[in-house]
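Please read the points below alongside the sequence and the model.

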Amino acid sequence: MKESKIIFLRLFARTLLTIITLFWLFFASLSGADLFTDGFKGIIKNLPNTLPWIGIIIINILAWKKELLGGILLILSGLYLGYFFGVHEGNLTVLFLIVIPFVLLGGIFVMCNRGDKAIEK
């Protein structure tokens with residue numbers, strides 16, 4: 001793979017993964033906050049719902065630093081989240097909004113790492 005393609009794919013994957021991760025973190029922090037009806041206090045009380053997405057942020061950072069390990073963890077976490085949210089029970093929304101983006105972006109990180117290794121040879 002040409003070096004310019006690898007640079008483009010890396011930038012694309014990093015940008016899209018960051019946008020998706022921040023979206024889900026924001027969504028998780030606000031989705032149950034209305035149950036508490038305390039405004040900002042409701043968001044604070046709802047913070048335990050964001051813990052899994054904070055884990056995804058850590059994997060995101062790891063994918064930026066160590067693409068191979070981060071990509072593999074991203075693929076595995078996407079598959080786990082698909083199982084956790086019930087893709088096997090027919091929840092296709094989760095499949096298209098969580099599983100497929102995480103698995104594809106994880107695959108791109110793995111490809112970029114392998115492409116760098118091929119260029120070095």
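Ile 58 counts as exposed, because its relative accessibility is 55% and residues over 50% are classed in that way. This value, like the others in this briefing, comes from a predicted model. Ile 58 belongs to helix α3, and its C-alpha atom lies 9.2 Å from that of Gly 70. The two residues are 12 positions apart in sequence.

**Gly 70**

- Gly 70 is part of helix α4.
- Is Gly 70 buried or exposed? Its relative accessibility is 0%, so Gly 70 counts as buried.
- When neighbours within four places in sequence are set aside, the contacts of Gly 70 are with Ile 59, Leu 62 and Ala 63.

**Helices α3 and α4**

- Helix α3 spans residues 51-65 and helix α4 spans residues 67-84. Their axes come within 6 Å and cross at roughly 150°.
- Because angles over 145 degrees count as roughly antiparallel, this crossing makes α3 roughly antiparallel to α4.
- The handedness of the α3 and α4 crossing is left-handed.
- On the α3 side, the contact is made by Trp 53, Ile 56, Ile 59, Leu 62, Ala 63 and Lys 65.
- On the α4 side, the contributors are Glu 67, Leu 69, Gly 70, Gly 71, Leu 73, Leu 74, Ser 77 and Leu 81.
- By class, the residues of this contact between α3 and α4 comprise 9 nonpolar, 3 polar and 2 charged.

**Helices α1 and α3**

- The axes of α1 and α3 come within 9 Å, with a crossing angle of roughly 165°.
- These two helices, α1 and α3, are therefore roughly antiparallel to each other.
- The α1 and α3 crossing is left-handed.
- Helix α1 contributes Arg 14, Leu 17, Thr 18, Thr 21, Trp 24, Leu 25 and Ala 28 to the contact. These residues meet Trp 53, Ile 54, Ile 56, Ile 57, Asn 60 and Trp 64 in α3.
- The contact of α1 with α3 divides by class into 9 nonpolar, 3 polar and 1 charged residues.

**The salt bridge**

- How many salt bridges does the structure hold? The structure holds 1 salt bridge.
- The partners are Glu 67 and Arg 10, whose closest N and O atoms are 2.3 Å apart.
- Glu 67 lies in helix α4 and Arg 10 in helix α1 (residues 3-31), so the pair ties together parts that are 57 residues apart in sequence.
- Glu 67 is buried, because its relative accessible area is 8% and the class takes in values under 20%.
- Arg 10 has a relative accessible area of 14% and is therefore also classed as buried.

- Beyond its neighbours within four places in sequence, Arg 10 is in contact with Glu 67, Cys 112 and Asp 116.
- Asn 113 is located in helix α5, which covers residues 92-120.
- Is Asn 113 buried or exposed? With a relative accessibility of 15%, Asn 113 counts as buried.
- Asn 113 touches Glu 67 and Leu 68, with residues up to four places away in sequence left out of the count.

**The protein as a whole**

- The protein contains 5 helices and 0 strands.
- Along the sequence, the order of these elements reads α-α-α-α-α.
- What percentage of the 121 residues is buried? Buried residues account for 36% of them.
- Among contacts with a separation of 6 or more, 63% involve residues 24 or more positions apart.

Key. Residues are numbered from 1 along each chain as its sequence is written. This is a predicted model: local features need pLDDT of at least 70, side-chain atom pairs count only at pLDDT 80 or more; totals for chains, interfaces and linings use all residues. Side-chain values use heavy atoms; hydrogens and water are left out. Axes are lines fitted to C-alpha atoms, for helices over the stretch in contact, and angles run from 0 to 180 degrees between N-to-C directions. Helices (H or I, at least four residues) and strands (E, at least two) are DSSP runs, numbered from the N terminus. Angles under 35 degrees count as roughly parallel, over 145 as roughly antiparallel, 65 to 115 as roughly perpendicular and the rest as oblique. A crossing is left-handed if the near helix is turned anticlockwise from the far one by less than a right angle, and right-handed if clockwise. Contact means heavy atoms within 4.5 Å. Ala, Val, Leu, Ile, Met, Phe, Trp, Tyr, Cys and Pro count as nonpolar, Asp, Glu, Lys and Arg as charged, and the others, Gly among them, as polar. A salt bridge is a side-chain nitrogen of Lys or Arg within 4 Å of a carboxyl oxygen of Asp or Glu. Buried means under 20% relative accessible area, exposed over 50%, partly exposed in between (1.4 Å probe, protein chains only).
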